[in-house]
Amino acid sequence: MEQKSHRLIQLYIDGWKENNINKIIQPLANNCVIIESHGPTYSNVKEVKQWFSFWKQEKGKVLHWKINSFYFIKKENIAFLEWDFVCNVSNKKHSLFGISIVKFQKNKISFIHEYRMIKNSYKWSASRLNPE
């Protein structure tokens, strides 16, 4: 199931990179839940389609989305992946690093929760607790 899970996630990502709604929804369970890293939650494929329509209306385009690491827990049917992501929405560029928790049911993605770093990583120094 690990390889199948990776393929499902990659299909979902490729769909966003290609602005292809059919690829985006193909790996998703009808009652999937997707929580974006900045809060919006979509509770089924119908809402994902509405999200995509809004995305296209706002001239959304994924410029880069790469999986940096992938971990799978077979017993729980859950994957964790680290990624870096760049998109352009309404002529504004967004770059972020993050992690997703992805759950699977019946060979489909049933749940995605994305988390992102809100500040760039930096080398810690004993003389300085906070970089700002």
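**Notes on the predicted model**

1. Strand β1, which covers residues 28–35, pairs with β6 in the parallel sense, and the pairing runs over 4 bridges. Within this pairing leucine 28 stands opposite isoleucine 109 of β6. Please keep in mind throughout that this is a predicted model.

2. On the pairing of β1 with β2, the sense is antiparallel and there are 2 bridges, with isoleucine 35 standing opposite threonine 41 in β2. The hairpin that these two strands form has 5 residues between the strands, and in it glycine 39 takes a positive phi near 120 degrees.

3. Strands of a sheet pair through backbone hydrogen bonds, in either the parallel or the antiparallel sense. For β4 and β5 the sense is antiparallel, over 12 bridges, and lysine 93 in β5 is the bridge partner of asparagine 88.

4. For orientation, the protein has 3 helices and 6 strands, and along the sequence these follow the pattern α-α-β-β-α-β-β-β-β. Of its 132 residues, 38% count as buried, and the C-alpha atoms fill a box of roughly 50 × 40 × 20 Å when this is taken along the principal axes.

5. Helix α1 spans residues 2–17, and its 16 residues reach 22 Å from the first C-alpha to the last, close to the 22 Å expected at 1.5 Å a residue. Its buried residues are Ser5, Leu8, Ile9, Leu11, Tyr12, Ile13, Gly15 and Trp16. The helix is followed by asparagine 19, which has a positive phi near 55 degrees.

6. A search of the whole structure finds 1 cavity of 30 Å³ or more, and about 70 Å³ of space lies in the largest cavity. At least two residues of its lining are supplied by each of α1, β4, β5 and β6. By class, this lining has 9 nonpolar residues, 1 polar and 1 charged.

7. The largest share, 4 residues, comes from β4. Divided by class, the lining of the largest pocket has 13 nonpolar, 3 polar and 4 charged residues.

8. How many disulfides does a search of the whole structure find? The search finds 0. Cysteine 32 is in no disulfide, and the nearest cysteine sulfur, which belongs to cysteine 87, is 20 Å away. Cysteine 87 is likewise in no disulfide, with the sulfur of cysteine 32 as its nearest, at 20 Å. For a pair of cysteine sulfur atoms to count as a disulfide here, they must lie within 2.5 Å. Burial is a separate matter: cysteine 32 is buried, with a relative accessible area of 1%, and cysteine 87 is buried too, with a value of 6%.

9. A last point concerns glycine 98, which is found in strand β5. Is this glycine buried or exposed? Glycine 98 has a relative accessible area of 14% and therefore counts as buried, the cut-off for that class being under 20%. The C-alpha atoms of glycine 98 and tyrosine 115 are separated by 5.4 Å, although the two residues are 17 residues apart along the chain.

Key:
Residues numbered from 1 in each chain as written. Predicted model: local features only at pLDDT ≥ 70, side-chain atom pairs only at ≥ 80, totals over all residues. Heavy atoms only, no water. Expected span 1.5 Å × (residues − 1). Buried < 20%, exposed > 50% of the residue type's maximum accessible area, 1.4 Å probe, protein only. Nonpolar A, V, L, I, M, F, W, Y, C, P; charged D, E, K, R; others polar. Pairing = 2+ DSSP bridges. 1 Å grid on protein atoms, 1.4 Å probe; cavity = no way out; pocket = protein on both sides within 12 Å on 5 of 7 lines; lining within 4 Å. Points joined across faces, edges and corners; volume = space filled by probe spheres on them.
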